[in-house]
Amino acid sequence: MIQFFNSDFIAQFIKPSLVFILAGLCEIGGGYLVWLWVHGNKSIGWGILGFVILGLYGLVATWQPANFARTYASYGGVFIVMSLLWAWKFDGFIPNKFDLIGAAIALVGVSIIFFAPR
């Protein structure tokens with residue numbers, strides 16, 4: 001029987017996926033707080049917190065096992081999906097079928113760039 005959650009699977013797929021999600025939350029969450037400060041008439045404290053969280057994004061992204069090029073190229077696709085989900089949850093934006101198709105294509109690209117055997 002194949003073990004799906006062996007140490008190789010965790011190291012190659014689960015850990016990088018979790019790091020992508022954490023990095024996405026830092027970048028999108030931080031950016032959103034800055035956006036609220038600038039466009040939503042929130043206090044400067046929101047903006048400062050947003051800048052701090054954006055800085056954490058830069059650190060979290062370095063936790064990826066792949067090199068800089070693959071990490072950041074792949075993160076672009078993850079960012080597309082997470083941005084749509086964030087806007088849906090926090091801004092009331094409802095993705096249409098073209099948003100969803102584009103996001104799915106981006107994730108296929110991410111999978112090829114980041115997870116393809118070398």
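A word on ground rules. Residues are numbered from 1 along each chain as its sequence is written, and side-chain values use heavy atoms, with hydrogens and water left out. Since the model is predicted, local features need pLDDT of at least 70 and side-chain atom pairs count only at pLDDT 80 or more, while totals for chains, interfaces and linings use all residues.

Let's start with the fold. The protein has four helices and zero strands, and from the N terminus on the order is α-α-α-α. Helices here are DSSP runs of H or I with at least four residues, strands are E runs of at least two, and numbering starts from the N terminus. Along the principal axes, the C-alpha atoms fill a box of roughly 55 × 35 × 25 Å. Of the 118 residues, 29% count as buried; buried means under 20% relative accessible area, exposed over 50%, and partly exposed in between, with a 1.4 Å probe and protein chains only.

Now the inside. How many cavities of 30 Å³ or more does a search of the whole structure find? There is one. A cavity is a set of points on a 1 Å grid over the protein atoms alone where a 1.4 Å probe fits but cannot get out, and lining residues have an atom within 4 Å of a point. The largest cavity has a volume of about 50 Å³, counted as the space filled by probe spheres set on the points. Its lining includes Phe20, Tyr57 and Tyr75, and α1, α2 and α3 (68–90) each supply at least two lining residues.

On the outside, Leu22, Ile44, Ile48, Val52, Leu56, Leu59 and Trp63 form a nonpolar surface patch with about 650 Å² of accessible area together. Areas come from the Shrake-Rupley method with a 1.4 Å probe. Patch residues have over 30% relative accessible area and no salt bridge, and nonpolar side chains are joined within 5 Å; a salt bridge is a side-chain nitrogen of Lys or Arg within 4 Å of a carboxyl oxygen of Asp or Glu. Helix α2 (residues 44–61) gives the most, with five residues.

Last, a backbone detail for you. Asn41, in the loop between α1 and α2, has a positive phi of about 55 degrees although it is not a glycine. Asn41 is exposed, at 73% relative accessibility.

How values were computed. Patches are made of residues with over 30% relative accessible area and no salt bridge: like charges are joined within 9 Å, nonpolar side chains (Val, Leu, Ile, Met, Phe, Trp, Tyr) within 5 Å. On a 1 Å grid over the protein atoms alone, a cavity is a set of points where a 1.4 Å probe fits but cannot get out, and a pocket is an open set with protein on both sides within 12 Å along at least five of seven lines; lining residues have an atom within 4 Å of a point.
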